[in-house]
Amino acid sequence: MFLAGTDPPAMTMEWAMAELIKNPKSMRKAQEEVRRVAKDKGKVEDDDLQYLPYLHNVLKETLRLHPPGPLLLPHECIIDTKINGYDILTKTRVFINAWAIGRDAKFWSEEPEAFRPERFERKMRDVEFKGRHFELIPFGAGRRICPGMMLGVVTVELALANVLNGFDWELPCGMRCEEMDMSEGFRMVSHKKVPLTVVAIPAAGFT
Ligand code: HEM
């Protein structure tokens, strides 16, 4: 419970920041949205999250490209089943490749490898990660779906919103965003192989 509740949100936060820094247009758009909502209070609270649709799309796009559990957890087939002509026998251990599904051009026809939160404003608008749309399953689906999903989503969105509100972000030592190493290190959870190092600059007027 502790591992499942801490590692995936932390990894998602790091990937979201890495993608936003690599994609300055998305960073600007997310910061403008967050700062518009936080303007009078100087911070974002959980009630404000409903007014941050772009930030939510940033989270969806991050989880599509970088699901913290790329193969979910191992499942066991409880009844003989046929999938695409293959016999899957009872007791077979099944791994579901959520990472590959999230990049499959059959579902994600518009530049599947690119970070484009805007895709969720267009064709993929109705696609959510709550287990009903099998093309986006970073939390799994069905009875074994992540029980901490809502907590995880709020935790990441709230933290992300506040660091985007309070700071501008840049890479250290004049590094350019094209030079960022976005490789994934693979364990059961997929973390960023090279940890993200960035410089936080307090935003104008932020105390
Ligand atoms: C961004 C945040 C998170 C992501 C992406 C995530 C993802 C996942 C995934 C993919 C699974 C396996 C589902 C399957 O195999 O079908 C899982 C299981 C689980 N998650 Fe999460 N999780 C997150 C946050 C959390 C949080 C905050 C908690 C608890 C406080 C939590 C608790 C658990 C537990 C206990 C399981 C095992 C459920 C079981 O075995 O049936 N997760 N999570």
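Because the model is predicted, local features need pLDDT of at least 70 and side-chain atom pairs count only at pLDDT 80 or more, while totals for chains, interfaces and linings use all residues. Residues are numbered from 1 along each chain as its sequence is written, and side-chain values use heavy atoms, with hydrogens and water left out.

The iron atom of the ligand has a single donor from the protein, the SG atom of Cys146, at 2.3 Å. Donors are N, O and S atoms within 2.8 Å of the metal (3.2 Å for Na, K and Ca); water is not among the atoms, so sites may look incomplete. Cysteine 146 is placed in the loop between helix 4 (98-102) and helix 5. Helices (H or I, at least four residues) and strands (E, at least two) are DSSP runs, numbered from the N terminus. With a relative accessible area of 31%, cysteine 146 is partly exposed. On this scale, buried means under 20% relative accessible area, exposed over 50%, and partly exposed in between (1.4 Å probe, protein chains only). In the UniProt record, an unreviewed entry, the annotation "binding site" covers Cys146. UniProt positions are given in the numbering used here, feature names are shortened, and annotations may be inferred rather than shown by experiment.

Pockets and cavities were found on a 1 Å grid over the protein atoms alone. A cavity is a set of points where a 1.4 Å probe fits but cannot get out, and a pocket is an open set with protein on both sides within 12 Å along at least five of seven lines; lining residues have an atom within 4 Å of a point. Grid points are joined across faces, edges and corners, and a volume is the space filled by probe spheres set on the points.

The largest pocket has a volume of about 930 Å³. Its lining consists of 32 residues, and Ala4, Gly5, Pro8, Phe139 and Cys146 lie nearest its centre. Two or more lining residues come from each of helix 1 (2-22), helix 3 (53-65) and helix 5 (149-166). Helix 1 gives the most to this lining, with seven residues. By class, the lining of the largest pocket has 22 nonpolar, eight polar and two charged residues. Ala, Val, Leu, Ile, Met, Phe, Trp, Tyr, Cys and Pro count as nonpolar, Asp, Glu, Lys and Arg as charged, and the others, Gly among them, as polar.

The second largest pocket has a volume of about 750 Å³. It is lined by 21 residues, of which His75, Glu76, Cys77, Val94 and Ile96 lie nearest the centre. The elements giving two or more residues to this lining are strand 1 (75-76), strand 2 (81-83) and strand 3 (86-88). Twelve of the lining residues of the second largest pocket are nonpolar, five are polar and four are charged.

The structure holds one cavity of 30 Å³ or more. About 50 Å³ of space lies in the largest cavity, which is lined by Phe107, Trp108, Ser109, Glu110, Arg119, Lys123 and Met124. Three of these residues are nonpolar, one is polar and three are charged.

No disulfide, a pair of cysteine sulfur atoms within 2.5 Å, is present in the structure. The closest cysteine sulfur to that of cysteine 173 belongs to cysteine 177 and is 15 Å away, so the two are too far apart for a bond. Cysteine 177 is likewise in no disulfide. Cysteine 173 is exposed, at 84% relative accessible area, whereas cysteine 177 is buried, at 18%.

Leucine 65 belongs to helix 3 and is buried, with 2% relative accessibility. The C-alpha atom of leucine 65 is 7.7 Å from that of phenylalanine 115, although these residues are 50 apart along the chain. Asparagine 84, in the loop between strand 2 and strand 3, has a phi near 50°, a positive value in a residue other than glycine. Asparagine 84 is exposed, at 72% relative accessibility. Glutamate 111 also has a positive phi, near 40°. Glutamate 111 lies in the loop between helix 4 and helix 5 and is partly exposed, with a relative accessible area of 48%.
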